[in-house]
Amino acid sequence: MQAVVMAGGKGTRLSRIAENIPKPMMPVNGKPLLECQVENLKENGITEIIMVVGYQKDVIKGYFQDGKRLNVSISYFEEAVPLGTAGALRHLADRLEEDFILVFGDLFFSVDFKRFLDFHKEKGAEITLFAHPNSHPYDSDLIEINSNGCVIGWNSKNGKREKNYRNLVNAGLYILSKKSLNRLEGLQTADMEKDFVQPAIGGGQVFAYQSPEYVKDIGTPERLQSVREDLVNNLPQKRNLREKQKAIFLDRDGTINRYIGFLRKPEEFELEENAAEAVKRINGSGYLAVVITNQPVIARGEVTEEELEDIHKKMETLLGKEGGYVDGIYFCPHHPDKGFEGEVEELKIPCRCRKPGTGLIERAAEDFHISLEDSWIIGDTGTDIQAGLNAGLHTALVMTGEEDKFSKYAACPEVTAADLLEAVEMILRREGEA
Ligand SMILES: [Zn+2]
């Protein structure tokens, strides 16, 4: 497989700490960023690389040459004048295979590209972007997707936000089909997002691959510093989905948000005190934060899946305001007892996903390559604890939420905490992650 690396960037905002070093050549981990990219690509078996160069191209070409030293094959496209972030692609069409990877030269990443490519192929996409939540969604462009992962909207950070949005941000890594390059025809210069991706939305050909893997840009001295710190802790490698992951599974109602019985509207959703801080602590640890929640209100016909999505957008917005995010949300829409007015009959079934069943946990474990025995569940009821035990997780009970915690199950949690923040702190301390 081939990769195109956009390495023509100047790095204006980094010039105060390193004048005259082109951004892709900025040292991280004792070598140029671009070399780290080449290494991650090579680990994925991607050894044919085209570098698009412009600013200080001789420095880059001189360093990498034909790539032999790194056991890859590198060729170049030289921009005589800057063509924008996507303009060069139009000139590369005859050098490219059917599907190829596009990488921006200011990113540090460690990604399992096979999973990414499988998603692209399964969806039959022309453009697949790598999307993830971040700690500052309020000043990021946010992507809107449907339940199939198809991108249906793009919310600019510069516009006024009047609704709640999913915390889903374009990371700057793409898989493109060669066919998609037709969209650039006639454009001398082109901006990747504005001229290429955004106009293609609506045609059903743009998809977002969601992954908790490590992809961060080094565009400012602060961000460069944060990448260097993460590297000391080996975080990028740990988050690569080829490696087994650890997760903290979180119940929703009564654990993250205030328990009010059946919750039917976004307006009724309020975070528990310190819940955002708790989630933020998980984000800064080696654990993924994955929500698993029983939502029988769907089977009862009281909330549609679309309305549930709106409630989750509110959750992500409130968490995001305080710098926290969840890596995944899984819900069970079923309920076993039939015979009520207004119910959705096909969802009134016994299922494996309703907690204490383990279906949701297992689905997340497959999506994120999670080792269950190294993971935890935190919830406010015996049902959550029993689900955790059934799935082989460590268990923690919080005293927020439902009063009657053990009505049906006598399951005993390993950890009992006043609230989510205390539970997370106890877990991280116990696991040496604090
Ligand atoms: Zn279910």
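Select Glu 78 and Lys 61 to begin. They form a salt bridge, with the closest N and O atoms 2.3 Å apart. A salt bridge here is a side-chain nitrogen of Lys or Arg within 4 Å of a carboxyl oxygen of Asp or Glu. Glu 78 lies in strand E5 (residues 73-78) and Lys 61 in helix H2 (residues 57-64), so the pair ties together parts 17 residues apart in sequence. Helices (H or I, at least four residues) and strands (E, at least two) are DSSP runs, numbered from the N terminus.

This is a predicted model, in which local features need pLDDT of at least 70 and side-chain atom pairs count only at pLDDT 80 or more, while totals for chains, interfaces and linings use all residues. Residues are numbered from 1 along each chain as its sequence is written, and side-chain values use heavy atoms, leaving out hydrogens and water.

Color by accessibility next. Buried means under 20% relative accessible area, exposed over 50%, and partly exposed in between (1.4 Å probe, protein chains only). Glu 78 is partly exposed at 37%. Lys 61 is partly exposed too, at 25%.

Now select helix H4 (residues 113-123). Lys 114 and Asp 118 meet there in a salt bridge, 2.8 Å from N to O. They sit four residues apart, about one helical turn. Lys 114 is exposed at 56%. Asp 118 is partly exposed at 36%.

Jump to Arg 281 and Glu 425. Their closest N and O atoms are 2.7 Å apart, in another salt bridge. Arg 281 belongs to helix H8 (residues 275-283) and Glu 425 to helix H13 (residues 420-430), so this pair ties together parts 144 residues apart in sequence. Arg 281 is partly exposed at 32%. Glu 425 is partly exposed at 27%.

Shared partners join Lys 57, Lys 61 and Glu 78 into one salt-bridge network. Across the whole structure, a search finds 27 salt bridges.

Which residues have the most contacts inside the largest nonpolar core? Select Met 51, Phe 64, Leu 89, Leu 173 and Met 192; the core has 70 residues. A nonpolar core is a set of buried Ala, Val, Leu, Ile, Met, Phe, Trp, Tyr and Cys residues joined through side-chain atoms within 4.5 Å.

Center on Met 51. Its contacts (heavy atoms within 4.5 Å) include Val 5, Leu 34, Ile 60, Phe 64 and Phe 77, not counting residues up to four places away in sequence.

Last stop: a second, separate core of 31 residues, including Ile 248, Ile 256, Ile 282 and Met 315.
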